[in-house]
Amino acid sequence: MTPETYVQEKAAASGSSFYYAFLFLPAHRRAAITAFYAFCREVDDVVDEVEDPGVAAQKLAWWQQEVAQAFAGKPSHPVMLALMPHTQPFQIELRHLQAVIEGCQMDLDQTRYLDYPGLQRYCHLVAGVVGEVAARIFGQTNEGTTAYAHKLGQAFQLTNIIRDVGEDAMRGRIYLPISDLQQFDVKAHEITKREYSERFTALMRFQTQRAHQLYEEAFALLPDADRRAQKPGLMMASIYRTLLREIEAENFQVLHQRIGLTPLRKLWLAWKMQALGRM
């Protein structure tokens with residue numbers, strides 16, 4: 001299996017909304033974003049799939065070393081072999097990949113966040129930086145697009161957090177800030193026991209309004225000059241925001257199930273943005 005085949009299969013197997021946006025890119029940009037996304041999946045899977053925190057920490061340390069060696073001209077993993085040819089053309093830097101790994105390390109060290117600014121730091125590393133790299137690959141020409149990409153990445157991550165509250169709790173993690181839980185009088189044990197209440201619904205409605213605000217702020221930051229180039233990000237935004245609205249329509253029943261969109265619906269939303277420019 002070639003490195004290119006490896007990352008293609010890694011990206012396709014994830015079933016992620018991101019994959020549908022890649023389909024409409026020119027070949028060279030699609031190859032770059034597929035390799036970068038496969039890297040993100042590799043390090044994220046370490047946290048999600050390795051049960052022993054010590055082993056997971058060792059694996060992330062290995063990835064830090066692999067990334068450093070790759071930028072020194074000695075990649076060994078298929079993902080890095082596929083990604084490195086794209087780093088110079090699309091200005092992907094060592095600091096970007098190290099930031100993503102640092103965000104995954106936070107998952108090993110921290111299972112709660114005291115307040116929203118603390119959660120924002122995590123979202124910046126695992127999603128904002130990813131958005132910055134993606135914007136460069138998509139064809140960013142305006143410096144202001146970086147701020148848009150960071151804000152949109154955080155909106156995506158908060159949407160993921162809202163969707164995965166129940167799943168994350170089963171892994172011992174609650175990303176909803178402690179200060180927010182206290183504000184709505186929701187106890188952590190109620191979430192881990194999958195207990196719904198009006199208080200929980202109010203808490204989730206608050207988080208969803210925060211996510212919608214992030215989307216609106218991101219769209220306002222996107223320079224007109226880059227709107228066409230950044231269509232793949234807007235495709236993802238259409239998919240993720242539709243998912244957020246679906247969760248709202250289901251009255252935030254996220255503790256016992258994972259609410260999602262069908263592949264066909266994701267493809268339709270991506271195509272609608274590509275062809276018609278509409279969300």
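A residue counts as buried when its relative accessible area is under 20% and as exposed when that area is over 50%, with partly exposed in between. The exercises below apply to a predicted model.

**Exercise 1.** Determine whether glutamine 182 is buried or exposed, and locate it in the chain.

*Solution.* Begin with the position: glutamine 182 belongs to helix α10. Next, take its relative accessibility, which is 59%; because this value is over the 50% limit, glutamine 182 counts as exposed. Finally, for a sense of distance, the C-alpha atom of glutamine 182 is separated by 30 Å from that of alanine 237, which is 55 residues apart from it along the chain.

**Exercise 2.** Describe how helix α3 and helix α7 pack, and which residues make the contact.

*Solution.* Helix α3 (residues 27-49) and helix α7 (residues 116-138) have axes 9 Å apart, at an angle of about 165°. Since angles over 145 degrees count as roughly antiparallel, α3 is roughly antiparallel to α7. The crossing of α3 past α7 is right-handed. On the α3 side the contact is made by Arg29, Ala32, Ile33, Phe36 and Cys40, and on the α7 side by Val130, Val133, Ala134, Arg136, Ile137 and Phe138. Sorted by class, this contact comprises nine nonpolar residues, two charged residues and no polar ones.

Terms used: Residues are numbered from 1 along each chain as its sequence is written. This is a predicted model: local features need pLDDT of at least 70, side-chain atom pairs count only at pLDDT 80 or more; totals for chains, interfaces and linings use all residues. Side-chain values use heavy atoms; hydrogens and water are left out. Helices (H or I, at least four residues) and strands (E, at least two) are DSSP runs, numbered from the N terminus. Buried means under 20% relative accessible area, exposed over 50%, partly exposed in between (1.4 Å probe, protein chains only). Axes are lines fitted to C-alpha atoms, for helices over the stretch in contact, and angles run from 0 to 180 degrees between N-to-C directions. Angles under 35 degrees count as roughly parallel, over 145 as roughly antiparallel, 65 to 115 as roughly perpendicular and the rest as oblique. A crossing is left-handed if the near helix is turned anticlockwise from the far one by less than a right angle, and right-handed if clockwise. Contact means heavy atoms within 4.5 Å. Ala, Val, Leu, Ile, Met, Phe, Trp, Tyr, Cys and Pro count as nonpolar, Asp, Glu, Lys and Arg as charged, and the others, Gly among them, as polar.
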